[in-house]
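Subject: Structure for you to look through

Hello,

I am passing on a structure that I would like you to look through. Please open it first, and then read the notes below beside it.

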Amino acid sequence: MSKRKVKDVHLPIGECITQVQHILRERFCCQQLPGRPEGLEAQYRHLLELLRRSAVQGESNSVLIVGPRGAGKTMLLQCVLRDLLQEKEAQKNLLQVHLNGLLQTDDRIALKEITRQLNLENVVGDKVFGSFAENLAFLLEALKKGDRSSSRPVLFVLDEFDLFAHHKNQTLLYNLFDVSQSAQTPVAVVGVTCRLDVLELLEKRVKSRFSHRQIHLLNSFGFPQYLQTVRTQLSLPDDFTDRGFAQDWNSSVQTLCEDKSVEEALQRHFNSSKDFRSLHMLLMLCLSRVSVSKPSIKAADLLDASRLCFCDAKVNMLHGLSILELCLIIAMKHLNDVYQGEPFNLQMVHNEFKKFLQRKSNSMYNFEQPVVMKAFEHLQQLELIRPVDGSSSKTQKEFQLMRLMLDHSQIMEALQKYPQCPTDIKQWAMSAFG
């Protein structure tokens, strides 16, 4: 009877849309881990077994998770830890330390963070250590106390592992791998990196203490699996409150994924990048168009979202330039055409701009030299132009050599979309040599 009641619940459309937004946004923002990582079953089993042996049996291990950004390395590790900590013994025993190479930029900072996460500040107290090595030795001694049966296993997760290899003498890595080989404290070291050549960065003494276990995530799935992922990511779960709405929504998702234009757009994304972050960004843009008046994602929504994802950031930047800055860009384009990409300076650009002004009867675009220089400097701040490598900083600003960081097609595309762009400027841009 209760099941039938749940099945027959009909919510107002506004409430259904709010629930859809909540469920899917949580999914796309990776706040909700999947039941099992799709396409990574073998890697999941390998890592889970490895960490279970450390957490439950007190076995020391070290492993590297290697793969491109957005391949699911962190998600894989989080799924493994979530499932591992459901086991009572692991939950009771395992200590975790999470370090990031972007935050812990040297071994001293990393050591303080380890001390904090292991709640050993009181043990260290006000002790003054003569050297870094002495401090590290004391902390490791605190970890090593007791035999294997009484020591709690410690899991060290080193995100951006390759950055730790740039620390002086690789002291932290050496000591962690060294402890992972000792018989006193069970330690598991998991490194997460996107560099395939990470082992080449390790010193010989560090490399010799590493187990050389590597788990690779290489996004080796094909387009049919990618399309299935899109379908899965957009579908509502079976336990959605309003079953009728969920069925209609999932049916519309199925229709969307079978649309030829949608398939072509998704193929383009797949060819560009297989990572799930860019896919989630695309789907989030689609989801933002769903409302009470438009309670499903249409093919046009996905195509518009795809165009937004692929839009050129530099072209968009050109839309916000002043008329003077746009004229300077066009003058630079002409100099590039005439001198076949040779570098230019402000004086040359200003002279080219003056040629354009001489053909004009009105003085609408007449600007003083300081104003032109200010506009030129603004273009440099936006990185639309940059100084030539090796050019002297002592050179006067107006004679410092620069290169244009835009190509012809980007400038022409920006001109077509520039709001209320004067016709004469468009004609000047299209003329062969200004």
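A residue is called buried when its relative accessible area is under 20%, exposed when that area is over 50%, and partly exposed in between, with a 1.4 Å probe and protein chains only. By that rule, 46% of the 434 residues of the protein count as buried. This is a predicted model, in which local features need pLDDT of at least 70 and side-chain atom pairs count only at pLDDT 80 or more, while totals for chains, interfaces and linings use all residues. Residues are numbered from 1 along each chain as its sequence is written, and side-chain values use heavy atoms, with hydrogens and water left out.

The secondary structure comes to 22 helices and seven strands, where helices (H or I, at least four residues) and strands (E, at least two) are DSSP runs numbered from the N terminus. Contact means heavy atoms within 4.5 Å, and among contacts between residues at least 6 apart in sequence, 74% join residues at least 24 apart.

Which residues of H16 are buried? They are Ala299, Asp301, Leu302, Ala305 and Ser306, and because they cover an arc of only 160 degrees around the axis, they lie on the same side of H16; the arc is that of the directions from the helix axis to the C-beta atoms. Their cover includes helix H13 (243–258), helix H14 (260–272) and helix H15 (276–287).

Aspartate 312 sits in the loop between H16 and helix H17 (313–318), and it is partly exposed, with a relative accessible area of 28%. Although aspartate 312 and glutamate 413 are 101 residues apart along the chain, their C-alpha atoms are separated by 9.8 Å.

Asparagine 93, in turn, belongs to helix H5 (residues 88–93). Is it buried or exposed? Asparagine 93 counts as buried, because its relative accessibility is 19%. Once its neighbours within four places in sequence are left aside, asparagine 93 is in contact with Ala55, Arg152 and Pro153.

Best wishes
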